[in-house]
Amino acid sequence: MRKLLLPSLIIVGASLLVIRIFYLQIVDVTLKLKSDNNAIKIKYDYPERGYIYDRNGKLLVANQPSYDIMVIPRDLKNIDTLEFCELLDITKEEYIKKIAKAKVYSPRLPSVFLAQLNKLEFAAFQEKMRKYEGFYIQKRSLRDYQVAFGANVFGFITQVNEKLIEKNPYYNSGDLIGKQGVEESYEEVLRGIKGVKYFQKDKYNREIGSFKEGKYDTVAVQGEDINLTLELELQKYGEELMINKRGGIVAIEPKTGEILALITAPNYDPAILVGRQRSKNYTMLYRDSIANPLYDRALLAEYPPGSPFKILTGLVALQEGVINEQTTFMCHHGFSYARGRFMKCHGSGPHQLHNGIALSCNTYFGSVYMKTINKYRSPPYAVDVWSKHVKSFGLGQFMGYDLPTGKRGKVPDSKTYKKMYPDWRWDSKTIVSNAIGQGEVLMTPIQLANMMATVANEGYYFTPHIIKKIKGEKIDKKFTTKHVTTIDKKYFKPMISGLFDVYNIGTASSLKVDGIDICGKTGTAENFAKINGKRTQLEDHSIFVAFAPKDNPKIAIAVMIENGGYGATIAGPIASLMIEKYLRHKITRVDLEKRTLERSLQDRYAKFGGLSAAVKLEMRIKDSILKSKIVVPKIKKDTTKVN
């Protein structure tokens with residue numbers, strides 16, 4: 001038996017080796033198709049990216065042809081570098097640097113030498129291309145924006161970096177990829193699938209025909225078109241209203257969670273990040289640390305919510321049973337909540353839930369919040385109960401929307417205060433500022449808008465999302481899943497009644513729009529910053545939240561204006577105008593519109609660093625936004641051939 005063991009092992013091993021060699025040589029040709037195989041040349045056919053439309057089918061983003069000059073360093077022979085550089089309008093130093101970079105990537109594989117030539121540049125080079133062995137033209141498509149706004153929503157296209165190439169084998173040097181916005185979120189949908197053609201080469205490195213008669217070639221598959229939830233005219237109008245201001249606007253359809261408008265200011269014309277000037281323009285935007293135009297304030301900026309948070313303070317108190325609609329607190333331009341501690345208020349007299357919210361009484365909501373926390377003997381337990389209620393509105397967490405950036409915001413709990421006061425016995429008096437949105441609570445504009453959508457729905461919301469339709473596919477079911485809060489539906493009616501009277505007898509009575517029943521809440525959040533190492537109070541942020549109509553709401557909105565002051569002065573008018581624009585597609589409050597369009601806060605911003613690059617750019621593109629025509633252009637598919 002032992003004598004047969006060794007010969008058996010040898011026979012079995014040899015058989016396996018022969019089978020493996022046969023498989024690799026005859027059956028499996030993947031090794032032959034590797035891009036570094038000297039006998040095989042690979043050419044890629046890049047498909048057009050999918051088009052992007054708004055919710056009504058209006059075209060937002062199309063494509064335009066672009067041509068990259070590719071280089072294979074090992075194939076370079078007898079190049080007249082002087083003539084070559086003159087033809088492409090580059091210096092010899094640039095030529096040497098680009099070739100060196102290509103060699104580092106791979107001497108055998110193609111990489112981009114010069115990207116994004118236009119048609120004229122391409123025609124001039126193609127005429128003489130046969131003289132420059134080792135170079136060839138790769139046709140691609142770049143974005144062609146039909147509008148001069150919405151850059152934060154769309155994102156942009158850029159070349160992949162080496163780190164991504166190592167991580168994802170689909171991409172090669174010079175490939176384009178979506179960054180930020182929907183271009184990044186829906187990259188795999190929009191990009192399509194590139195086609196591949198394999199060519200056999202002889203010993204002189206010349207193409208001698210298709211490998212295996214094209215058996216392994218694949219056809220490029222165009223990217224899928226997508227429809228966004230954006231309403232084009234509303235997005236454009238919102239960006240017009242935000243010129244010379246900083247902040248964010250988010251509008252949501254309450255019954256679906258669809259984002260109707262997503263606005264950050266300052267913004268930029270998306271077209272400046274297309275073409276050979278893209279890198280220069282991006283660097284300018286990136287280095288602008290004053291206005292931060294690449295910083296999407298609608299999704300990333302965390303602000304104290306101010307008085308709009310009183311809505312949740314009241315709802316939680318109703319749910320916890322510590323008040324009812326008739327519970328009354330006396331206001332004496334504020335109230336003393338602890339020895340030597342006084343919370344100021346602009347009102348006076350008795351306040352109940354209805355006029356408390358309509359007139360935004362700090363005394364009422366400060367007292368209500370303390371009763372909520374004092375209901376339980378343990379303040380840590382009480383604040384955790386309160387925190388759970390608040391978080392059920394989608395606050396203090398990533399919301400799960402389909403955009404690649406965002407912030408959690410902040411809803412404090414017992415752990416928060418244990419860290420803040422490790423050696424001190426804190427209670428409701430310590431944290432009463434939470435009642436009016438000025439404590440440790442932070443919210444992003446999209447969270448504020450979602451909060452109002454939840455109130456409009458009387459206790460539920462759908463995850464906000466920007467995608468409405470993908471051709472041939474269903475959207476993610478998480479966007480059609482209802483999220484229900486911990487607050488009973490019956491408590492929303494009295495709150496909505498108070499919010500309605502904010503526009504009738506309350507802090508937004510000057511912002512009414514005849515014929516539209518709007519429910520809203522003004523807000524003014526204190527704003528502090530460190531200047532020369534000192535905590536300095538700056539102009540307050542202007543905040544406004546609203547939904548309309550009161551019955552069967554169609555739109556919920558949040559407006560945040562940095563350093564805008566009182567909520568009804570700038571944020572409020574913008575909210576009213578946006579609501580009327582969406583519901584009626586016209587404006588009757590032309591007085592509000594004129595005042596808002598003419599209002600500039602640049603003098604306030606200039607105090608902290610002067611005019612930024614983004615502001616100067618915003619001034620240059622202002623006309624293009626205002627004059628941008630909302631049309632459905634006839635876009636022809638490019639048929640230019642590359643030899």
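Hi everyone, this is a short walk through one protein structure, from its overall makeup to a few local details.

First, the ground rules: this is a predicted model, where local features need pLDDT of at least 70 and side-chain atom pairs count only at pLDDT 80 or more, while totals for chains, interfaces and linings use all residues. Residues are numbered from 1 along each chain as its sequence is written, and side-chain values use heavy atoms, with hydrogens and water left out.

Let's start with the whole protein. There are 22 helices and 20 strands, taken as DSSP runs numbered from the N terminus (H or I, at least four residues, for helices; E, at least two, for strands). Of the 643 residues, 53% count as buried; that is under 20% relative accessible area, with exposed over 50% and partly exposed in between, using a 1.4 Å probe and protein chains only.

Now the inside. What size is the largest nonpolar core? It has 93 residues, and those with the most contacts inside it are Leu228, Ile311, Leu315, Trp386, Leu499 and Phe547. By nonpolar core I mean buried Ala, Val, Leu, Ile, Met, Phe, Trp, Tyr and Cys residues joined through side-chain atoms within 4.5 Å. Helix 17 (residues 445-456) gives the largest share of this core, eight residues. A second, separate core holds 37 residues, including Ile249 and Ala546.

Ile311 is worth a click. Leaving aside neighbours within four places in sequence, its contacts (heavy atoms within 4.5 Å) include Met451, Met452, Val455 and Leu499.

On to the backbone, for those of you who like checking torsions. Two peptide bonds to show you are cis: Ala265 to Pro266, with omega about 0 degrees, and Ala548 to Pro549, with omega about -10 degrees. Pro266 sits in the loop between strand 12 (258-265) and helix 10 (278-286), and Pro549 in the loop between strand 19 (534-548) and strand 20 (555-561).

Asp89 has phi near 55 degrees and lies in the loop between helix 2 and helix 3 (92-105). Asn563, at about 60 degrees, is in the loop between strand 20 and helix 19 (571-584). Buried or exposed, which is Asn563? Asn563 counts as buried because its relative accessible area is 10%, whereas Asp89 counts as exposed because its relative accessibility is 70%.

One last stop: Asn78, in the loop between strand 3 (59-71) and helix 2 (81-88). Its C-alpha atom is 8.8 Å from that of Lys131, 53 residues apart along the chain.
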